Amino acid sequence: MSARIEPGRTDPRRPWRRSMRGWWHRNPYYLRYLAMEATSILIALYALILLLGLWRLTEGEAAWAAWLAMLKSPVSLALHAILLPVFAFHSYSWFRIMPKTLPAIEWRGKRLKQTTITALGIAAAVAVNLALLLLLAGVQP
Amino acid sequence: MKRSHEPVFWSLFGAGGILAALCGVALVFVTGLGAPLGWIVSPRLMEFDTLRAFAGQGFGKLVIFAVIVLFLWHATLRILLLLHDFGLGGGRLTRWIGNGLALLATIFTAYLLLLL
């Protein structure tokens, strides 16, 4: 590691530094990484929509009805139609990366393959999502 | 050596990421499409009385709190990393603003849930 040069001062050695400008279109992998990271903005947006709903819920029935009407607007429906594949993509990329972040897991004396862990994770995501959907579909208030 | 508080943020990031990965799709469908359009789930699922009753008990409060707060902490860490990748902020000030906003949202969510 080279010593940090304070901002505004130039290193007398003038080492060559590769510019970081436009790094995201140098390699298709970088673009995929960015697409994955950009989902976080939409996850935050969804959380804020729910937070707004909770706020309206505390304000009474009229405020809640206005929030529900907002959810029924074409803009909101279109947004949620976009959020759906975004969350699915988050789920896929989460479990694709998960094995790389875990210590090696052994199963019957063999190291569990990364693809197996990813497949198990995705299977769990499908199962939990379906279970939640069926549970909520069964609720008849 | 000064202890780092980074692990706290990474734990919240991980918890939010797992929660979103496991039930995000179903949640978005139910709250954003299913209930407003009356598809698959009952349109009465998201009526005022139903949600007030749900948020009125401990389990409901916990679910709502976990979803909103963990999603926000998860997204905050990734947005901060994204800003850093583009050479914007990335310094201590940006992290303080990002984490500060997430903390404010956490306190606000808890406050709203205690009102119900």
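A: A compact globule of 116 residues would have a radius of gyration near 13 Å, whereas chain B has 17 Å; that radius is taken over C-alpha atoms, and the globule rule is 2.2 Å times the number of residues to the power 0.38. Taken along the principal axes, the C-alpha atoms of chain B fill a box of roughly 55 × 30 × 20 Å. The model is predicted, and within it local features need pLDDT of at least 70 and side-chain atom pairs count only at pLDDT 80 or more, while totals for chains, interfaces and linings use all residues. Residues are numbered from 1 along each chain as its sequence is written, and chains are lettered from A, with ligands numbered from 1, in the order in which they are written.

Q: What makes chain A more spread out than a compact globule?

A: For 141 residues the globule rule gives 14 Å, and the radius of gyration of chain A is 23 Å, well over that value, so chain A is called more spread out than a compact globule. Along its principal axes, its C-alpha trace spans about 70 × 55 × 25 Å.

Q: How do you know what secondary structure to assign to chain A and to chain B?

A: The elements are DSSP runs, numbered from the N terminus, where a helix is a run of H or I of at least four residues and a strand is a run of E of at least two. By that rule chain A has four helices and two strands, which run α-α-α-β-β-α from the N terminus on. Chain B has four helices and zero strands.

Q: How do you know that the span of α3(B) agrees with what a helix should have?

A: The expected span of a helix is 1.5 Å times one less than its number of residues. The 28 residues of α3(B) should therefore span 40 Å, and the end C-alpha atoms of α3(B) are 40 Å apart, which agrees. In chain A, α3(A) also has 28 residues and reaches 40 Å from its first C-alpha to its last, close to the 40 Å expected.

Q: What makes a set of residues a nonpolar core, and which residues touch the most other members of the largest one?

A: A nonpolar core is a set of buried Ala, Val, Leu, Ile, Met, Phe, Trp, Tyr and Cys residues joined through C-beta atoms within 7 Å. The largest has 46 residues, of which A:A47, B:I68, B:F71, B:L72 and B:W73 touch the most other members. Two or more residues come from each of α1 and α3 of chain A and α1 (6–37), α3 (58–85) and α4 (92–115) of chain B, with α1(B) giving the most, 14 residues. In soluble globular proteins, nonpolar side chains tend to be buried together. B:L72 touches A:A44, A:A47, B:A102 and B:A105, not counting residues up to four places away in sequence.

Q: What makes up the side of chain A that touches chain B, by class?

A: The contact takes 42 residues from chain A and 44 residues from chain B, and the largest share of the chain A side, 13 residues, comes from α1(A). By class, that side has 31 nonpolar, eight polar and three charged residues, where Ala, Val, Leu, Ile, Met, Phe, Trp, Tyr, Cys and Pro count as nonpolar, Asp, Glu, Lys and Arg as charged, and the others, Gly among them, as polar.

Q: What confidence does the predictor give chain A and chain B?

A: The score is pLDDT, the predictor's confidence in each residue, from 0 to 100. Chain A has a mean pLDDT of 89, with 93% of its residues at 70 or more, and chain B a mean of 92, with 97% at 70 or more. For the complex, the predictor gives an ipTM of 0.94 and a pTM of 0.88.

Key:
Two residues are in contact if their C-beta atoms, placed from the backbone, lie within 7 Å. A residue is buried if 20 or more other C-beta atoms lie within 10 Å of its own, exposed if 12 or fewer, and partly exposed in between; C-beta atoms are placed from the backbone.
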